[in-house]
Number of protein chains: 2
Amino acid sequence: MLFKNFTVIDENFEIKENMCVGVEGSTIDYIGNKEPEKNYGEIIEGRGRLLMPAFYNAHAHTPMTLLRGYGGGLNLNDWLTKKIFPFEAHLTGEDVYWGTLLGIAEMVRTGTVSATDMYMHGEKMVEAVMESGFKTNLGVGLVCFDRTKRLKDLDDYKNSKYLYENYHGAGGGRVKIDMSVHGEYTSFPGVVEEFADYSRSLGTNMHVHLSETYKEHEECKARHGKTPAAYFNNLGMFDSPTTAAHCVWLEEEDFDIFAEKGVTAATCPVSNLKLASGICDVKKLYEKGINVAVATDGTASNNNLDMIEEMKFFALMQKVKHMDPTVISPRQAVEAASLGGARAQGRKDCGVIKKGAKADLTVINTNLPHLRPVHSLLDNIVYSAKGGDVDMTVCDGKILYSGGEYYTIDIEKAVYETEKSARRILSEL
Amino acid sequence: MLFKNFTVIDENFEIKENMCVGVEGSTIDYIGNKEPEKNYGEIIEGRGRLLMPAFYNAHAHTPMTLLRGYGGGLNLNDWLTKKIFPFEAHLTGEDVYWGTLLGIAEMVRTGTVSATDMYMHGEKMVEAVMESGFKTNLGVGLVCFDRTKRLKDLDDYKNSKYLYENYHGAGGGRVKIDMSVHGEYTSFPGVVEEFADYSRSLGTNMHVHLSETYKEHEECKARHGKTPAAYFNNLGMFDSPTTAAHCVWLEEEDFDIFAEKGVTAATCPVSNLKLASGICDVKKLYEKGINVAVATDGTASNNNLDMIEEMKFFALMQKVKHMDPTVISPRQAVEAASLGGARAQGRKDCGVIKKGAKADLTVINTNLPHLRPVHSLLDNIVYSAKGGDVDMTVCDGKILYSGGEYYTIDIEKAVYETEKSARRILSEL
């Protein structure tokens with residue numbers, strides 16, 4: 001297909017007017033001011049619309065759409081132990097399939113093509129991803145409360161291995177299986193070290209919750225004499241490319257570890273506000289040269305999966321944290337939400353609009369009252385736009401959403417089945 | 001008209017299912033489970049939709065749509081002196097008319113029916129409000145940099161008086177003229193005191209920027225030996241019902257003054273983040289029994305006029321400020337954005353859905369993927385919904401927006417003319 005006469009955010013995250021972008025199969029094979037001679041078949045007219053790189057959600061628990069708005073207004077401990085965990089104990093694979101599909105629908109509706117995900121019933125999540133045309137970096141969060149266990153004894157390991165061996169690289173590379181550790185306080189050094197070795201042997205990514213809350217961060221120091229970042233680094237986790245979610249309480253040396261080891265910080269500003277975890281120091285991440293990615297976390301602590309909304313929080317929270325309105329430019333926000341996430345996911349051919357890159361594209365209707373006039377289009381995208389302004393989402397050259405229509409998801413059925421699952425679980429509690 | 005089979009947020013801000021709400025002229029004359037016998041003519045079916053009180057934006061500079069995204073990323077002083085003030089110096093009445101109309105369009109699109117406004121060319125703003133069916137509490141921000149001047153010498157006073165005498169109460173009460181003082185640092189005690197006397201003699205509201213930035217707050221103390229709240233109270237401002245915008249740096253005694261004098265705190269969370277002003281202590285406002293209202297401020301520091309987005313920031317910022325996820329319930333957020341603003345505007349018959357109240361109503365399509373499932377509808381409205389989910393906005397019983405259509409505004413013309421004005425001004429700079 002050919003995108004014609006679009007305003008484009010180019011590979012340098014600069015605005016270019018009147019551009020043509022050609023897509024052949026899953027790949028961008030042309031970008032330029034002139035209309036290419038090649039016949040692309042379908043022509044998509046751009047007047048009044050922006051073509052930008054799609055978003056890569058760098059940390060999510062997609063099936064938690066099932067728990068959207070559940071247990072709101074509680075403190076973190078009560079929320080987890082009295083609401084979230086008991087609900088999750090009743091989840092079947094079927095529930096997770098529908099919850100994933102509904103979450104994917106919400107993401108493609110708002111311009112996102114990929115999520116770094118951590119949850120359970122991974123095979124059903126892969127099924128939803130494969131069918132919907134979405135991308136995933138999927139991991140089963142390793143949890144172990146028995147100190148005598150070895151890695152090979154753990155179901156979470158067996159599931160991770162099974163998923164890796166059966167699905168890693170599926171869908172032309174859309175599905176990647178990551179090795180996920182839930183967090184420092186939900187496992188032991190021995191199994192983490194073995195899991196890190198396993199990940200390194202495969203060359204996969206790792207994914208972990210890290211320094212989300214002050215309590216978690218301080219308890220780790222009391223337990224191990226190390227910050228969570230130092231603890232995981234010591235166990236070899238960061239020898240694999242790692243996405244560390246949250247990173248609210250990083251200390252000076254942690255930033256240095258991240259920079260040295262190439263760890264991505266996936267910041268979840270809305271979730272960190274909602275659970276009163278704190279505010280990640282993104283300014284310092286940039287100063288240290290760390291890859292910064294933007295993430296929604298799960299819908300139970302957000303409560304949506306809208307990366308456009310998340311960009312606004314991402315930029316604004318840094319201004320007030322540093323009491324400096326010049327911190328974080330709209331360009332940085334857009335780049336962190338797209339290229340930053342693609343980098344985190346190890347998708348080297350994704351996250352920018354350029355020749356040879358995967359055609360992961362988001363079209364925004366900029367001809368809306370709340371996006372006019374245009375003094376700075378990037379400012380308007382980050383501070384004025386909403387997820388609903390997305391007109392079209394393209395993943396690997398395939399349209400997943402356009403003009404109100406979901407091309408790969410039966411949205412009514414996904415809503416219906418997710419609600420049915422949620423009701424059944426509530427009745428079982 | 002009759003709203004039939006709607007889920008409703010009732011006068012206690014609780015969810016009621018399967019309700020009918022009847023509107024006769026500008027007023028709600030029926031609310032109940034049963035369908036009324038009276039023939040209302042037009043019937044609006046509610047299945048899958050929520051009927052809630054409309055929003056009252058408690059502090060705005062609506063015509064600043066003209067400056068949306070202009071001068072982003074600068075510090076406050078450079079932003080104001082190098083960008084905003086020079087641009088505003090070129091504004092004509094015609095520019096302000098179109099900018100106001102575009103801002104009103106954005107507000108009715110997102111469920112808002114009224115704004116407490118402070119700007120210039122007030123007569124043109126009234127014109128836009130009258131035509132569009134919107135409501136306003138409008139003031140010309142009094143500014144005086146000449147200590148020798150008396151109130152009667154000031155154009156801002158003369159304009160305020162003119163507006164009051166010609167338009168206060170117009171449109172069946174939709175237009176209210178407030179007496180607005182820009183702020184402590186842009187005028188002198190003498191004229192403020194005279195203006196406060198004038199307001200009290202008329203029985204009008206007052207409106208002021210107060211303790212927005214640390215610098216403003218501290219400089220006031222250095223200049224007058226009083227906080228801005230104590231300073232204005234001392235000059236008699238709070239003897240009129242007053243809306244104080246921002247209130248980021250209030251001190252203990254300021255909260256007590258607000259409580260004693262019935263001052264409304266109009267908090268602007270997004271603007272306070274964007275300009276790195278700080279975070280208002282809304283929890284303490286509630287503890288002191290102060291009326292809390294939610295506001296967007298102008299689009300140059302937001303950059304939109306979406307009260308649904310603002311509610312989310314409103315609730316979330318308090319959780320992180322107090323490091324407590326239980327602070328601010330969704331119900332408090334909805335009430336502050338509707339009834340809180342109506343109270344601030346002195347609209348005693350507005351802000352709730354009950355018999356005898358003005359029919360200021362917002363319909364939200366809750367049958368959208370990102371609003372399902374429903375564990376708590378109020379949680380979904382505050383944390384998951386977006387301005388674009390508004391299906392219909394009704395002000396004084398009149399539909400202003402419904403299903404993509406603006407009933408009173410030529411939206412293409414408003415966009416076109418606002419852009420033309422913005423371009424002309426840029427060319428003059």
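**Exercises on helices and a strand**

The axes of helix α11 (residues 307-321) and helix α12 (residues 330-337), both in chain A, cross at roughly 135 degrees and come within 10 Å. This is a predicted model, in which local features need pLDDT of at least 70. Residues are numbered from 1 along each chain as its sequence is written.

**Exercise 1.** Work out how α11(A) lies relative to α12(A).

*Solution.* Start with the scale: angles under 35 degrees are roughly parallel, over 145 roughly antiparallel, 65 to 115 roughly perpendicular, and the rest oblique. The crossing is at roughly 135 degrees. Therefore α11(A) is oblique to α12(A). Next, find the touching residues, where contact means heavy atoms within 4.5 Å. α11(A) brings Met307(A), Met311(A) and Phe314(A), while α12(A) brings Gln332(A), Ala333(A), Val334(A), Ala336(A) and Ala337(A). Finally, sort them: seven are nonpolar, one is polar and none is charged. Here Ala, Val, Leu, Ile, Met, Phe, Trp, Tyr, Cys and Pro count as nonpolar, Asp, Glu, Lys and Arg as charged, and the others, Gly among them, as polar.

**Exercise 2.** Check the span of helix α2 (residues 93-109) of chain A.

*Solution.* The expected span is 1.5 Å times one less than the number of residues. For the 17 residues of α2(A) this should give 24 Å, and the end C-alpha atoms are 24 Å apart, so the two agree.

**Exercise 3.** Decide whether Thr243(A) is buried or exposed.

*Solution.* First, locate Thr243(A) in strand β12 (residues 242-246) of chain A. Buried means under 20% relative accessible area, and exposed over 50%. Thr243(A) has 2% relative accessibility, so Thr243(A) counts as buried.

Conventions: Chains lettered and ligands numbered in written order. Predicted model: local features only at pLDDT ≥ 70, side-chain atom pairs only at ≥ 80, totals over all residues. Heavy atoms only, no water. Helix = DSSP H or I, 4+ residues; strand = E, 2+ residues; numbered from the N terminus. Buried < 20%, exposed > 50% of the residue type's maximum accessible area, 1.4 Å probe, protein only. Axes fitted to C-alpha atoms, helices over the stretch in contact; angles between N-to-C directions.
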